[in-house]
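The sequence and the coordinates should be kept in view throughout.

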Amino acid sequence: MSGQGAHLALDVPLRPSAAAVAPVDDEAALVERVRAGDGAAFETLVNRYMRRAFSVAYRLLGQKEDAEDLVQEAFMAVLQRVDTFQAGRPFAPWFFRILVNRGLNARKARTLRAVDEIPETAAHHGPSPERDAERTELRDRLRTAMETLPERQRTIVQLFDLEGFAGPEIAEILEISDGTVRWHLHEARKTLKKALAPYERSA
Amino acid sequence: METWTDDIERDPALTAALRGAYGDPPETEWDALRGAVMARAELPLARMRHTRRSPWQARFRALVPLAAAAGVVGTAFALGVHQPEPRVTAADRAQVELILNESLPDVSELVASQAGSDQLLDAAIGS
């Protein structure tokens, strides 16, 4: 994507890639200690994944309180299911699978509070009223387009483009193939770019 | 540990547009969130410690009521049903025989119907 639409949003810093926070070697040992009831090991995992978990939870649920609840539930589920964790496998995809599955269930089950309110962090004060109006219109178009996406595509876009997860990570989290992730992402991008096309033409 | 590779091409412009539309997640009280998670984790962690420390105790605990019931049944059987037979020694038998012979000298003849009427009468009155 190029043009004015892109230019309008490029001043938002990108999140570090998933590789930057990839799991480290000692996680198998940490999980083994958690199995034995070691609180310090569990707290290490909590500290390591709490922020990213909150971020993903917030993307899924759109509310801070719901996201905090989801993070807590996901960590409790880790304790309940730690015996099913396969030694030698990375912890992160297993943990985020729990989080995302619960988040998607919660998104279906709960009557979420309205998320139309523009987050403070998304508000920009442009150099002119015209530019502000363009930003607002672009944002609304993009959000509307996201809402029209099938849930799986929307989730993949949220994980890939907003949270920086890699394709194989998403495949493991959602328990689908890499090719399926790629296809959903391709389809979602087509829809989103169509929504942004007027801005590209006006550039 | 597996290394994840980002094999799908990124679209920085679209990513930026989306992030511009949705913004960053709000800040939250990380210490409070960590504290809430750890507080909820205390009980399950304690349970896991206990189970890990004494796995056999945990397994055998379920057998305690069964063992108690078996003990009660065994005690009742030993006291009520299975009374031991009194032991009679050869000496006891000999002594009983001696007493009988002295007090009833003609018992064998009475039993064998070899005694006369006078002897029967004597045996009856104990003379």
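The secondary structure of chain A consists of nine helices and zero strands. Read from the N terminus, the order of elements is accordingly α-α-α-α-α-α-α-α-α. The model is a predicted one, and the values below are computed from it. Of the 203 residues in chain A, 50% are buried. Among the contacts in chain A with a separation of 6 or more, 70% are between residues 24 or more positions apart.

Helix 4 of chain A, residues 64–81, may be taken as one example of these elements. Helix 4 has 18 residues, and the distance from its first C-alpha to its last is 26 Å, close to the 26 Å expected at 1.5 Å a residue. Its buried residues include A:Leu70, A:Val71, A:Phe75, A:Met76, A:Val78 and A:Leu79.

The phi angle of A:Glu175 is near 60 degrees, a positive value in a residue other than glycine. Is A:Glu175 buried or exposed? A:Glu175 has a relative accessible area of 56%, and because the limit for exposed residues is over 50%, A:Glu175 counts as exposed.

The next subject is the interface of the two chains. Chain A contributes 70 residues to the contact and chain B contributes 40 residues. Between them, chain A and chain B bury about 5300 Å², and 66% of this area lies on carbon and sulfur atoms. How many salt bridges does the rule find across the interface of chain A and chain B? The rule finds one. In that salt bridge B:Asp11 pairs with A:Lys193, with the closest N and O atoms 3.1 Å apart. Polar contacts across the interface of chain A and chain B come to 14 residue pairs, both residues being at pLDDT 80 or more. On the side of chain A that touches chain B, the largest share, eleven residues, comes from helix 3 (residues 39–61) of chain A. By class, that side of chain A has 38 nonpolar, nine polar and 23 charged residues.

The side chain of A:Arg189 comes to 3.0 Å from the backbone oxygen of B:Glu9. With a relative accessible area of 13%, A:Arg189 is buried.

The charged side chains can now be considered over the whole structure. Side chains of opposite charge can pair when their charged atoms come close. Over all chains, a search finds 15 salt bridges. In one of them, the side chains of A:Arg59 and A:Glu163 meet at 3.0 Å, N to O. This pair links distant parts of the chain, since A:Arg59 is in helix 3 of chain A, while A:Glu163 is in the loop between helix 7 (151–162) and helix 8, 104 residues apart. Both partners fall under the 20% limit for burial, and therefore both count as buried: A:Arg59 at 8% relative accessibility and A:Glu163 at 1%.

In chain A, A:Asp140 and A:Arg139 form a salt bridge at 3.4 Å, N to O. A:Asp140 is partly exposed at 37% relative accessibility, whereas A:Arg139 is buried at 9%. In chain B, the side chains of B:Asp24 and B:Arg19 meet in a salt bridge at 2.4 Å, N to O. B:Asp24 is partly exposed at 27% relative accessibility, whereas B:Arg19 is buried with a relative accessible area of 3%. Finally, A:Asp26, A:Glu27 and A:Arg48 are joined in a network of salt bridges.

Notes: Residues numbered from 1 in each chain as written. Chains lettered and ligands numbered in written order. Heavy atoms only, no water. Helix = DSSP H or I, 4+ residues; strand = E, 2+ residues; numbered from the N terminus. Expected span 1.5 Å × (residues − 1). Buried < 20%, exposed > 50% of the residue type's maximum accessible area, 1.4 Å probe, protein only. Contact = heavy atoms within 4.5 Å. Buried area = accessible area lost by both parts, 1.4 Å probe. Salt bridge = Lys/Arg side-chain N within 4 Å of Asp/Glu carboxyl O. Polar contact = N/O pair within 3.5 Å; in protein donor to acceptor, adjacent residues only side chain to side chain. Nonpolar A, V, L, I, M, F, W, Y, C, P; charged D, E, K, R; others polar.
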